[in-house]
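Hi,

Here is the structure I said I'd pass on to you. Have a look at it first, and then read my notes below.

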Amino acid sequence: KKKKMQSLHLAAAALGGAAVTYLCMREKGTVIPERTAQGNRKAPRRFAGLIKLKPDMYDQYTQMHDKTWVEVTTAMYEANMRNFVVYYHKETNQMFHHWEYVGDDFEADMKKVSENPMNRFWWSYCEPCQEPLHWEGPPPSQGGTGDWWSPMTCLTHCGGWPVAWSTEHPDPDFVPQNPRGRTSTSSNPPSVRYTE
């Protein structure tokens, strides 16, 4: 069966984007169909940023992000933001985020995100955890504008395009990182918040 799967993958790669293949993958004993995208879909626009995490705020940051508030993820989804991930490098206390934009009006969608009251409320709990590389003025939760996360430049994209989109949210393979197993919600936020 493994050889057959490899042959299907090789055939799909050889035929390129015009091929529509039917592949199967095994997950927890269940065969799940995986299909290539059909039709002409444009590639997403990718964005990445860098910021420092204050070491003493790791607990609060993971408390918020082990289960991101549904109001925030809904606002991001409605603004055509997808696949938002944050990575942490413990030695340097740096965080790297990456996400993809799949909409047609980036400026309007980002305006919706920045003006959303729940997003600003969320940010007011994230901001005390973060140390921007370059920032002047009030933070985004208080109407500040600019790049809170320092933008990064994509140097390469080595890999195929996604072939299927999950219908599950959040990612079933995500491993929570909060040392105390805590999460938060908009009605039960963590303790530290930015206020003027």
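The average pLDDT of the chain is 78, and 70% of the residues score at least 70; pLDDT is the predictor's confidence in each residue, from 0 to 100. As that tells you, this is a predicted model, where local features need pLDDT of at least 70, side-chain atom pairs count only at pLDDT 80 or more, and totals for chains, interfaces and linings use all residues. Residues are numbered from 1 along each chain as its sequence is written, and side-chain values use heavy atoms, with hydrogens and water left out.

Where should you be careful? Confidence is lowest in strand β1 (residues 22-27), with a mean of 31, and highest in strand β6 (residues 130-131), at 97. Over residues 1-37 pLDDT stays under 50, and the model has 34 contacts beyond four places in sequence for that stretch. A contact here means heavy atoms within 4.5 Å. Where pLDDT is low, the predicted coordinates should not be read in detail.

Now the overall layout. The chain has five helices and seven strands, in the order α-β-β-β-α-α-β-β-α-α-β-β along the sequence. Helices (H or I, at least four residues) and strands (E, at least two) are DSSP runs, numbered from the N terminus. Of the 196 residues, 30% count as buried, meaning under 20% relative accessible area, while exposed means over 50% and partly exposed lies in between (1.4 Å probe, protein chains only). Among contacts between residues at least 6 apart in sequence, 66% join residues at least 24 apart.

Two packed helices are described by the angle between their axes and the distance between the axes. Axes are lines fitted to C-alpha atoms, for helices over the stretch in contact, and angles run from 0 to 180 degrees between N-to-C directions. Under 35 degrees counts as roughly parallel, over 145 as roughly antiparallel, 65 to 115 as roughly perpendicular and the rest as oblique.

- Helix α3 (residues 70-78) packs with helix α5 (residues 117-126) at about 125°, with the axes 9 Å apart, so α3 and α5 are oblique to each other. E71, V72 and A75 of α3 meet M118, N119 and W122 of α5. By class, this contact has four nonpolar, one polar and one charged residues (Ala, Val, Leu, Ile, Met, Phe, Trp, Tyr, Cys and Pro count as nonpolar, Asp, Glu, Lys and Arg as charged, and the others, Gly among them, as polar).
- Helix α2 (residues 58-65) and α5 cross at roughly 150°, and their axes come within 10 Å, so α2 and α5 are roughly antiparallel. The contact is between Q60, M64 and H65 of α2 and W122, Y125 and C126 of α5, with four nonpolar, two polar and no charged residues.
- Helix α4 (residues 106-115) and α5 have axes that come within 5 Å and cross at roughly 60°, which makes α4 oblique to α5. V113, S114 and E115 of α4 touch P117, N119, R120 and W123 of α5.

Leaving aside neighbours within four places in sequence, Q63 contacts N178, R182, T183, S184 and P190. R180 lies in the segment after β7 (150-151) and counts as exposed, at 60% relative accessibility. R180 and Q63 are 117 residues apart along the chain, with their C-alpha atoms separated by 8.4 Å.

Cheers
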